[in-house]
Amino acid sequence: MIEILDHTADVGFELSTSTLEALFEEARRALLMVVFERPPESGAEERAVLLTAPDLETLLVRWLNELIYLTQDAGFVPARADVEIREADTTGLALEARLAGATLRLEEYGWQGEIKSATFHGLDVVFEDGAWRARVILDV
Amino acid sequence: MNFERLSQYKYRIPREGEMEVDAAFYASEKILDDLAAEDYASLKQLQNVATLPGIVEPALTMPDIHWGYGFPIGGVAAFDPREGGVVSPGGVGFDVNCGVRLLTSRIERAELERRKDRLADALYEAVPSGMGRGRPDFHMSNEELELVVVEGPAPLVERGFGEAEDLDHIESGGKFEGAEPGAISARAYERGLPQLGTLGSGNHFLEVQYVDEIYDEEAAGAFGLVPGTVTVLIHSGSRGLGHQVCTDYVERFLKAAPRYDIKLVDKQLAAAPIESPEGQEYLEAMSAAANFAFANRQLISHFTREAFVSAGLDGEEHRLRLLYDLAHNNAKFEEHAGKEVLVHRKGATQAFGPGEEDLPEEYRFVGQPVLVPGDMGRYSFVLAGTEGAMRETFGSSAHGAGRKMSRRRAKKAAKGRNLVREMENKGILVRAAGRATVDEEMSEAYKDAADVIEATHGAGIGRRVARLRPLIVVKG
């Protein structure tokens, strides 16, 4: 579940899912909802992403920043993602994702504006009451 | 929220909990109402800043305070390197050295009105805005970019993108010393290279304006502001290069903070001691990003001058002169009350008072030009730095109007309206890459800049000099 937040200067969203992988997948979808009015839901291009991080919060920020980079700088809009998260020996956590994406088309997707970065402000990734939850603020 | 009124526009938040020092903020009655309406979220962020090690009393916010991430927007915090003072990449922000520059001219408003449509189109064509890349006719190699991050706009001016005199009218001469190309990641270069000379989106803009009112003849005279003449205000920063620098170093500092026993009440405040290897390396990277931002605004100014020429406003009588380029997201070593401190300004500007040596010679007797953009439908202001700011705010002042409405709320409020047409009816031409930005940036989404100026001028941390009104707005 995604709830877009009202932040005075920036934008954000709250996520709630049953699995950790779904949380990261929802984060991708929420990001696209912020960036586009009509985000693509499929794409013919494929990309693989491998990220590591010492904790879940850093992994989520890195994931979002990677998607922001792919969208804004590489012109690849990640329309779908297949995410796997596992513990890694030396780095803590590793995320592997297979992305299917579309070439960036500003007008077609109803571009809403640039995102500078995902922030760590008030960020917690927690498992409570049987659900994974996170709250993310983006700097726009 | 526990605070006490010190004077008409100044308030103190006494030290409590984890705070190392008192905090202080500036507000008019109206601004105070806005703070209460958000349940003092930005003042709580100010209290968080006051918990950082080595902070010099007080932690401050300017009258354009609003809710940020980590630091509040409008935040000013000085740290003493000899007392374990820290540097915080989040306290500088993602858009390192975001700032504004103001160009003046002798062009009369009436003359511009005759060419307004043509100029609006020419500007939109000449200055890349929105997402995407810079002008296809501007190229820069990786080696040239490395030179720019060390030297700022000077190499661009040498290549003909501007006038030598421009460099004298940029804060710090357009160059932060100590920039180190090796302190920036490959991804930061990759993102920055195609974006030099681009406005971006969000609240960034290019505005053609006219001088509508003068409040201080002497300072206006020194700044070259003449009633009824045309000015250009440019707001942009360090683009993807600066964003990446902040992203990279916030993560590194999160790891480093526990090693230095720094307790973080908010992860976005990740910090390391100024004197630590991490702190030093961030300052090298931040300086490089700051120099990129100065160069970005230099290139945009050059494109602006080209657009004026192509709209028929050519010749010496139409020359655009750089009044000043002023940053509002950075950290700088400065001397205050006899000691050297690192002043973070997150959505706040330097506002040095008369007599300060760092200022351009012709402005030194009136104080630093302080450029305060308002919203796109009303007005912007020029102030001068004051002795009061030197005494109370580490030589700092307000940087803008400050948002009061979230982007989402603004979009809802804009539904069913044609804001571009509304602006046109008020005599303001808008050229924008997309409707979303115009809706988000609607006038009503911002506090009235006049309220911010009332508190700033009233508190003596900036002296009102002139008001500028928009004629053309270019948005991303």
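This is a predicted model: local features need pLDDT of at least 70, side-chain atom pairs count only at pLDDT 80 or more; totals for chains, interfaces and linings use all residues.
**View 1. Chain B as a whole.** Chain B contains 16 helices and 19 strands, and its C-alpha trace spans about 60 × 50 × 50 Å along the principal axes. The radius of gyration of chain B is 21 Å, close to the 23 Å that the globule rule gives for 476 residues, so chain B is as compact as a globular protein of that length. Of these 476 residues, 63% count as buried. When the contacts in chain B with a separation of 6 or more are considered, 78% of them are between residues 24 or more positions apart.

**View 2. The seven-stranded sheet of chain B.** Seven strands of chain B make up an open sheet of mixed pairing, in the order β1-β2-β3-β4-β5-β13-β12. At the edges stand β1 (4-7) and β12 (329-336), and because each has a single partner strand, one side of each is left without a neighbour in the sheet. From one strand to the next, the twist averages 25°. Within this sheet, strand β3 (residues 23-26) and strand β4 (residues 55-69) of chain B run parallel and are joined by three bridges, and a reader who looks for the partner of B:Phe25 in β4(B) will find B:Thr61.

View 3. The peptide bond that joins B:Glu57 and B:Pro58 is cis, with an omega of about -5°, and B:Pro58 belongs to strand β4 of chain B.

**View 4. Two aspartates of chain B with positive phi.** B:Asp39 is not a glycine, yet its phi is positive, at about 55°; this residue sits in the loop between α1 (29-37) and α2 (41-49) of chain B. B:Asp261, although it is not a glycine, has a positive phi of about 60°, and its place is in the loop between α10 (239-259) and β10 (272-273) of chain B. Are these residues buried or exposed? B:Asp39 counts as exposed because it has 11 C-beta neighbours inside 10 Å, where the cut-off for an exposed residue is 12 or fewer. B:Asp261 has 9 C-beta neighbours inside 10 Å and therefore counts as exposed.

**View 5. A mostly covered strand in chain B.** Strand β11 (residues 321-327) of chain B is mostly covered, since six of its seven residues are buried. Strand β7 (residues 99-108) of chain B runs antiparallel to β11(B), and six bridges join the two. In this pairing, B:Val100 stands opposite B:Leu326 of β11(B).

**View 6. Two helices of chain B that cross.** Helix α6 (residues 142-151) and helix α11 (residues 277-310) of chain B pack with their axes 6 Å apart and at an angle of about 100°, and α6(B) and α11(B) are therefore roughly perpendicular to each other. From α6(B), the residues B:Val148, B:Val149, B:Val150 and B:Glu151 meet B:Ala288, B:Asn291, B:Phe292 and B:Ala295 of α11(B). Sorted by class, this contact of α6(B) with α11(B) has six nonpolar residues, one polar and one charged.

View 7. An open sheet of three strands in chain A has the order β3-β5-β4, and its pairing is antiparallel. The edges are formed by β3 (45-53) and β4 (76-88) of chain A, each with a single partner strand, so one side of each has no neighbour in the sheet. The twist averages 20° from one strand to the next. Twelve bridges pair β4(A) with strand β5 (residues 92-103) of chain A in the antiparallel sense, with A:Arg86 opposite A:Ala94 in β5(A). Helix α1 (residues 20-35) of chain A packs on the sheet, where it touches β4 and β5 of chain A, and its direction makes about 155° with that of β4(A). Helix α2(A) lies across β3, β4 and β5 of chain A and runs at about 150° to β3(A).

**View 8. Where chain A touches chain B.** Here 27 residues of chain A are in contact with 34 residues of chain B. On the side of chain A that touches chain B, β1 (2-6), α2 (56-72) and β8 (131-139) of chain A each supply at least two residues, and α2(A) gives the most, with four residues. The residues on this side of chain A divide into nine nonpolar, eleven polar and seven charged.

How values were computed
Residues are numbered from 1 along each chain as its sequence is written. Chains are lettered from A and ligands numbered from 1 in the order in which they are written. Axes are lines fitted to C-alpha atoms, for helices over the stretch in contact, and angles run from 0 to 180 degrees between N-to-C directions. Angles under 35 degrees count as roughly parallel, over 145 as roughly antiparallel, 65 to 115 as roughly perpendicular and the rest as oblique. Two residues are in contact if their C-beta atoms, placed from the backbone, lie within 7 Å. Ala, Val, Leu, Ile, Met, Phe, Trp, Tyr, Cys and Pro count as nonpolar, Asp, Glu, Lys and Arg as charged, and the others, Gly among them, as polar. Two strands pair if DSSP finds at least two bridges between them. The radius of gyration is taken over C-alpha atoms; the globule rule is 2.2 Å times the number of residues to the power 0.38. A residue is buried if 20 or more other C-beta atoms lie within 10 Å of its own, exposed if 12 or fewer, and partly exposed in between; C-beta atoms are placed from the backbone.
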